[in-house]
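Work through the exercises below with the sequence and the model open. Each task is followed by a solution in steps.

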Amino acid sequence: MLSIDFRQIGIIAGKEFWDRIRNRWVLAVAVVFTVFALVIAYFGAAQQGAVGFRSIDVTIASLVSLVIYLIPLIALILGFDAIVGERERGSLDLLLTLPITRKELILGKYAGLAGALAFSTIAGFGAVGLILSPQLNLNALFHYAGFMGSAILLGFAFLSIAVMLSVFAADRTRASGLAIGTWFFFVLVFDLLLLGALVVTAGDYGGAIFPYLLLANPADVFRVLNVFSLDEVRTLYGLATVFPEALSNPATLGGVMLAWIVGPLAVAIWRFER
Amino acid sequence: MASNIVEARGATKDFGTVQAVKGVDLTIAAGELFGLIGHNGAGKSTLFKMMLGLITITSGDILLDGEKVNGPRFRETRRKIGYLPENVVLYDNLTGIETLYFFADLKAVPRKDCPALLEKVGLSHAASRRVREYSKGMRQRLGFAQALLGTPRLLFLDEPTTGLDPGAIRDFYRILRELRDEGVTMVLTSHILAEIQERVDRLAIMEGGLIRATGTVQDLREGMNLPLTLEIAGGAGLAEQVTRVLQGIAIESIEEAGSILHIRLSRDSKMPALARLATLGDTMRDLHVREPSLEDVFFGYRN
């Protein structure tokens with residue numbers, strides 16, 4: 001067991017973070033978040049025949065739908081070549097002959113990319129929060145901050161999955177394929193499968209375990225986490241009424257999200273050290 | 001410091017059922033400029049990576065300066081090492097000097113040492129240009145500067161002159177000689193045998209996962225007992241006269257190519273033949289003894 005040198009992690013993380021600042025990745029993503037969020041905040045209720053900002057609960061509910069599509073995709077694209085990209089370039093061998101352990105290298109990569117992602121998220125949605133702030137009371141601001149925090153955690157979870165894929169994939173092409181596949185699975189297919197299973201069994205078998213299966217998808221954890229903090233929205237979601245109280249505790253859901261961050265990263269380190 | 005800075009004992013690497021390196025024993029003394037040659041698939045890259053700790057060793061041991069490269073003191077051991085991978089692509093978005101800063105930070109080398117290294121490899125003028133704009137040769141030189149960070153005791157250079165023009169190759173070997181004078185040990189691989197043979201102190205020939213021969217170029221030539229060639233230039237009737245004086249000496253072949261006569265004979269026959277040829281006097285305009293090249297030696301060990 002080799003000791004961890006946090007300075008080495010910091011050097012790798014710093015390079016990854018500044019790379020994303022310099023190539024304007026952080027700026028581009030922040031602008032995308034801001035523009036989408038503003039559009040949703042003002043036109044989100046257009047189907048109901050109204051435009052303009054309505055309530056923070058409805059706005060957050062719309063933003064949740066946006067974030068569930070966008071953040072996993074951005075995080076996966078950000079992280080998929082973290083390791084495999086260095087390997088393909090030939091610089092991985094060079095890095096690994098330096099006084100740095102494989103664990104430090106992965107943790108440094110992850111920390112730097114996570115920093116860039118968090119920075120974009122805070123800047124992008126923070127700007128929207130500032131624009132909306134005159135219309136928000138303290139409670140609403142608190143909810144909005146919670147939404148931002150959970151969006152960051154969602155990004156971290158998918159970034160962790162991306163870095164894991166990056167360790168396992170043989171080349172960049174395969175890593176990008178795996179990343180896109182992961183996005184399809186968790187964002188598009190997973191809920192359909194659950195719904196399908198529920199319909200086929202007519203809820204007769206194991207209906208009680210379905211809510212728990214939602215925890216197997218970080219995107220759903222994010223959705224549940226936000227939906228349950230919003231009284232107005234809770235009733236809009238039929239799902240919410242059958243969801244067990246035990247799982248609706250934000251601390252529990254936060255813990256599950258944390259497991260989604262730590263788990264894939266731990267697998268990545270385990271694999272990379274072999 | 002251990003007197004043998006690299007020491008491999010029975011170093012073996014299996015990839016599944018394929019044994020890429022089969023129990024290699026190798027010692028490299030401190031201060032040597034050591035060449036490792038072998039064709040693709042001979043196992044030299046694998047051996048290189050085993051020495052650097054990039055892949056785990058199936059069995060056996062490799063010690064660098066008396067320590068296992070991935071042992072408990074791995075940080076100290078690695079600070080003594082410089083490595084230039086083959087065809088390395090560094091970070092396009094960084095400038096030359098930023099690239100060195102990054103590696104200097106990881107090696108805990110002061111950043112103020114970096115400009116002098118760029119100067120040493122002739123890249124000062126491009127220090128603040130992005131690596132994206134570098135030519136292949138410039139990238140190679142930047143990679144070399146990176147390997148020299150922190151005045152390593154041991155340099156591993158994998159095909160270091162790839163992409164360099166002849167002038168840059170000369171400069172490169174000049175730097176290697178300076179480093180050797182400072183006591184740095186260097187292990188390099190090359191497929192350009194003619195380039196390496198005049199420049200290394202010792203070399204190892206690798207084939208089929210084994211080291212077939214180790215020694216100086218001269219040791220290897222003698223060990224193989226390959227024929228050498230006498231090239232004689234002269235006037236008309238040279239061939240008849242030469243054939244006459246060499247009667248009784250074992251000759252492998254005599255060929256006439258234009259006005260030059262090529263005589264292949266064994267090393268043992270060389271001195272007696274030269275003594276007889278000296279009696280020819282003015283019939284001979286010039287005589288040149290051509291030793292077997294490293295290519296000949298190399299292919300001799302392969303066959």
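## Exercise 1: cavities

In this predicted model, the count comes to two cavities of 30 Å³ or more.

Solution: 

## Exercise 2: a loop residue

Task: Locate B:Thr95 in chain B and decide whether B:Thr95 is buried or exposed.

Solution: 
- Step 1. B:Thr95 sits in the loop that runs between β6 (81–84) and α3 (96–106) of chain B.
- Step 2. Buried means under 20% relative accessible area.
- Step 3. B:Thr95 counts as buried because its relative accessibility is 9%.
- Step 4. Beyond neighbours within four places in sequence, B:Thr95 contacts B:Ala127, B:Ser128, B:Arg129, B:Arg130 and B:Val131.

## Exercise 3: nonpolar cores

Task: Describe the largest nonpolar core, then trace the contacts of B:Phe156.

Solution: 
- Step 1. The largest nonpolar core has 169 residues, and A:Phe125, A:Phe147, B:Phe144, B:Phe156 and B:Leu176 have the most contacts inside it.
- Step 2. Helix α7 (residues 138–168) of chain A gives this core its largest share, 16 residues.
- Step 3. Another core, of 16 residues, lies apart from it and includes B:Ile263, B:Leu265, B:Ala273 and B:Met284.
- Step 4. With neighbours within four places in sequence left aside, B:Phe156 is in contact with B:Phe48, B:Met51, B:Leu52, B:Leu64, B:Ile81, B:Gly82, B:Tyr83, B:Leu84 and B:Val187.

Technical notes:
Residues numbered from 1 in each chain as written. Chains lettered and ligands numbered in written order. Predicted model: local features only at pLDDT ≥ 70, side-chain atom pairs only at ≥ 80, totals over all residues. Heavy atoms only, no water. 1 Å grid on protein atoms, 1.4 Å probe; cavity = no way out; pocket = protein on both sides within 12 Å on 5 of 7 lines; lining within 4 Å. Points joined across faces, edges and corners; volume = space filled by probe spheres on them. Helix = DSSP H or I, 4+ residues; strand = E, 2+ residues; numbered from the N terminus. Buried < 20%, exposed > 50% of the residue type's maximum accessible area, 1.4 Å probe, protein only. Contact = heavy atoms within 4.5 Å. Core = buried A, V, L, I, M, F, W, Y, C linked by side-chain atoms within 4.5 Å.
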